[in-house]
Structure formats: C-alpha cells, structure tokens
Amino acid sequence: QYEILPLSFSEFCHFRGLEANVYSTVNKPKLITAFTEFLHFGGFPEVVIMQHEHYDRILQEYYFVMLYKDLVERYELKNIIAIKYFIQRMMVNITKPTSINKLYNELKSLGVTVSKNTLYELAEYLEAIYFFMPVPKYEPSLVKQSSSDKKYYCIDNGLRKSLSRTTSDDNGILLENLVYLWLRAQCNMNQNIYYYKGSKECDFVVTHGTDTEQLIQVCWDLSEKSTFERETEGLIEASKKLNCTNLTIITSDFEQQIELEGLQINIVAAWKAMLQTP
C-alpha cells in the first residue's frame, strides 16, 4: 500500500509551471504568491488545474462523496445530524486538542441523541477515510497517551476553508495544518508525529523509534515579543524534557538562526523549507 496525499507545494509549483529555485531573486515573489494560493486553496489536483475557479463547488462535491459514500454507506451510519455537527466542530478545532467527551456533551445539550462510543468510532472512521488525521500527545506511557486528547488535522486546506464557517484570519491554523501534511509525507514507517504539552506547548514532536528526532513550532508571524517568547519557551521546555536539540520554528517568510539557553533554534520560511525537501 502507498499513501498518496494531495499535492505537495513542489508538486503544486510543477503543475503551475513554476521553477522551484528558492535562491532566485526573480523567482522568489512568484513562489511566495504561489504559496499563499496553496495555503488557502489546498492541493487537490482538479482544484489546482482549474486555477481555483469553482473551487467551492468542487470541494463541496468531494465533501459529499466522502460523507455519504465513504462514511455513511460504508459504515452503515444513520445519525446524519450528529455526523455533520461532529465534522463541523472538528474542522473548526483543527490544530487544537479535541475532547470527544466535550463534543458528546455539546450534542447532548442540543438535544441530539448519540452515544459517546459512537463518536469515538466516528473519529476512527474519519481517520480511515483520510478526512482527518490524528496527532496524539507525546507521553512515555502508552496508557496516558491513549487517554489524552488528540489533535486533528484536515486532509486539505482548501477543503477546510470551504467547509469552515469561521470569518477570522486563520493563516496560522492553515499553516500548521499544511506543515503537518508536509511532515507526514516525509515520515517513514518507523517515524511518528506527536504534540508536546507540559507547562508550555510544542506543536510537533517527530520521533524515530524511542528517539526524538526533531521539535517544531509553527507560527505565522513572530514579530510580537509575547508570541516570540511563547514559541521559543515551548521549544526549550520540550527540548529539555525530551532530550532533543534539533529545534525549528516554521514561519510564513521569516528566517534566522538564534541561540537561547545554549540551544540553537532554526527559524525557517515554510515555502522555502517545503521546496527544499527531497
């Protein structure tokens, strides 16, 4: 079996006929513009080929195929109201730890009858059809890891944008979702992706067997002091707890190498990192 995800950014550029030369000053503005499109409209080939024309209609059709054929018909599900609400809430909550128990209580308060076990099964079905992808909390204990809330990421940014009703600027959420898909595409069978949460947080922990290989924070804009401190403090705490010194912050377009508390932190631009990946 081979796992095929929507287009990567380098594949997106290939579809658009763009030269993926990150060192060309002529190419750079074109690549950044292309990355903005990719960030918001995703990587489903049909959407890219259509130059995003009618992308809402195309992605809504994909959604209904996934909902009714892949999910409802395959698993013989009946409670469509609960399923649609569950998907919508998970879509809004991507990149954040999601409590299935909390969603169960929300549905209960709305008068929708559904069992808690059904919702846990639904989360597994949505993972099986590649609608959402779970990221567990990093815990040395398998029991603690299993009982902790997972983060969920969507298969495609365009699909998330098309279905989400949020009106706020969500570049940070879209970037983190994109970074997860990029990391997943790179990981082999022996690697896993987690998130870290102690007194501080770190977005991604990449492991190989029992070893922690890399710690990654994702932040759209690091210019505010409080944001910079939050992101670096999370990396440093995770570094000390997990004994890992390969530390990265992925941003929209800022690059720098800094040293804090004796640790080197690489700040990289997402579009450039994604084009330089083999």
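Q217 is found in strand 6, which covers residues 211–218. This is a predicted model.

Is Q217 buried or exposed? Q217 has a relative accessible area of 2%. Buried means under 20%, so Q217 is buried.

Leaving aside residues up to four places away in sequence, Q217 touches E201, C202, D203, R230, E231, G234, L235, T248, I249 and I250.

**The strands around strand 6**

Strand 6 has strand 5 (residues 201–208) as a partner. The two run antiparallel, and 5 bridges join them. Within this pairing, F204 stands opposite I216 of strand 6. Strand 5 and strand 6 form a hairpin, with 2 residues between them. In the turn sits G209, with a positive phi of about 65°.

Strand 7 (residues 247–251) also pairs with strand 6. Here the strands run parallel, and 4 bridges join them. V218 has I250 in strand 7 as its bridge partner.

**The cysteines**

Back to C202, one of the residues that Q217 touches. How many disulfides does a search of the whole structure find? The search finds 0 disulfides. C202 is in no disulfide, and its nearest cysteine sulfur is that of C244, 8.8 Å away. A disulfide needs the two sulfur atoms within 2.5 Å. C244 is likewise in no disulfide, and the nearest cysteine sulfur to C244 is that of C202.

C202 has 1% relative accessibility, so C202 counts as buried. C244 has 4% relative accessibility, so C244 counts as buried too.

**Aromatic pairs**

Now turn to the rings. The count comes to 15 aromatic pairs. One of them joins F44 and Y62. Why is this pair edge-to-face? The ring planes stand at 80°, and over 60 degrees counts as edge-to-face.

F44 and Y62 link distant parts of the chain, 18 residues apart. F44 is in the loop between helix 2 (27–41) and helix 3 (45–49), while Y62 is in helix 4 (residues 55–75). F44 counts as buried, at 16% relative accessibility. Y62 counts as partly exposed, at 22% relative accessibility.

Another pair joins Y75 and Y125, and this one is stacked. Y75 in helix 4 and Y125 in helix 7 (residues 116–128) are 50 residues apart, so this pair also links distant parts of the chain. Y75 is partly exposed, with a relative accessible area of 24%.

The table sets out the two pairs.

| Pair | Centre to centre | Between planes | Type |
|---|---|---|---|
| F44 and Y62 | 5.0 Å | 80° | edge-to-face |
| Y75 and Y125 | 3.9 Å | 10° | stacked |

Which residues form one aromatic cluster? The cluster is made of Y63, F64, Y68, F131 and F132.

Methods
Residues are numbered from 1 along each chain as its sequence is written. This is a predicted model: local features need pLDDT of at least 70, side-chain atom pairs count only at pLDDT 80 or more; totals for chains, interfaces and linings use all residues. Side-chain values use heavy atoms; hydrogens and water are left out. Rings of Phe, Tyr and Trp (its six-membered ring) pair if their centres lie within 6.5 Å; planes under 30 degrees apart count as stacked, over 60 as edge-to-face and the rest as tilted. Buried means under 20% relative accessible area, exposed over 50%, partly exposed in between (1.4 Å probe, protein chains only). Contact means heavy atoms within 4.5 Å. Two strands pair if DSSP finds at least two bridges between them.
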